Amino acid sequence: MRGYTDVLVEERLRELAGQLHGPASLKADLLTEARHALLDAAEAYREDGLPAVEAGRRAVAEFGSPGQLVPDYQAELAAGALRRLALRALALAVLLMAGGDLTWRGSSWSDGPRPPGGYLLLSASLTAIWLLIAGLALAGLLFGVLAARYRSSRLPRLARAAGFGLTGGLALGAVAVSALFGWSVGLWNAALTWPPMIIGAVLVSVGWFALARAARCWLLATR
């Protein structure tokens, strides 16, 4: 009757999986742990003399309903999603702050007429945006670690606030980068054929795409 127990376990896990949202790998790990716990519990009941059918039913019932299990599992998934988003955002912010000027160095227009004041202001503001993103990413990581270590209702709320701030900062950064790139092309046609500019645009686009997916995953996990 082990097959019957497996069916009960898989049904409960499907119910649970349908209500969980977050990083696929972490979700799979949580469900695997839950499967092992359910099967071990059923096995223990069988060793105590219960029939296989009753052992499976009792193990599933005592493990908890999806309504009871989802909040804790979802909190763990949200923490994992924020951690992934924060790490990616921090890496991109550091990369852009360190290598942003390299796309212009040695260009044919670097010694040309001085750009408009608005362009210079927008360019300078990007550094502040990257610093903001890096700070919010570090805050999200810190609050996440503290929330996992200490039982406090305040720390998860702080982590959530840092996550929303980080998502907003990334959206602002994406708009600013796009505006600066478009303005650069408008000022210097040669920017479209400058290799460092092309390579930088490709790398940044890939980075923003990865961040957009991570941000979407976190928003789904924390709703």
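A residue counts as buried under 20% relative accessible area, as exposed over 50%, and as partly exposed in between. In this predicted model, glutamate 43 has a relative accessible area of 31% and is therefore partly exposed.

Glutamate 43 belongs to helix α2, which covers residues 24–47, and its side chain makes a polar contact of 2.5 Å with the side chain of arginine 46. Leucine 82 lies 39 residues away from glutamate 43 along the chain, and the C-alpha atoms of these two residues are separated by 36 Å.

Helix α2 also holds glutamate 33, a residue that takes part, together with Asp29, Asp72 and Glu76, in a patch of negative charge on the surface. Both α2 and α4 contribute to this negative patch, each supplying at least two of its residues. Glutamate 33 is classed as exposed because its relative accessible area is 53%.

A surface patch of another kind, nonpolar and of about 260 Å², is formed by Val94, Met97 and Leu131. Methionine 97 is located in helix α4, which spans residues 66–99, and with a relative accessible area of 34% this methionine is partly exposed.

| Residue | Relative accessible area | Class |
|---|---|---|
| Glutamate 33 | 53% relative accessible area | exposed |
| Glutamate 43 | 31% relative accessible area | partly exposed |
| Methionine 97 | 34% relative accessible area | partly exposed |

Terms used
Residues are numbered from 1 along each chain as its sequence is written. This is a predicted model: local features need pLDDT of at least 70, side-chain atom pairs count only at pLDDT 80 or more; totals for chains, interfaces and linings use all residues. Side-chain values use heavy atoms; hydrogens and water are left out. Helices (H or I, at least four residues) and strands (E, at least two) are DSSP runs, numbered from the N terminus. Buried means under 20% relative accessible area, exposed over 50%, partly exposed in between (1.4 Å probe, protein chains only). A polar contact is a pair of N or O atoms within 3.5 Å; within protein, one must be able to donate a hydrogen and the other to accept it, and residues adjacent in sequence count only if both atoms are side-chain atoms. Patches are made of residues with over 30% relative accessible area and no salt bridge: like charges are joined within 9 Å, nonpolar side chains (Val, Leu, Ile, Met, Phe, Trp, Tyr) within 5 Å. Accessible areas come from the Shrake-Rupley method with a 1.4 Å probe; for residues, only the protein chains shown count as cover. A salt bridge is a side-chain nitrogen of Lys or Arg within 4 Å of a carboxyl oxygen of Asp or Glu. Lys and Arg count as positive and Asp and Glu as negative; His and the chain ends are not counted. The place of a charge is taken as NZ of Lys, CZ of Arg, CG of Asp or CD of Glu.
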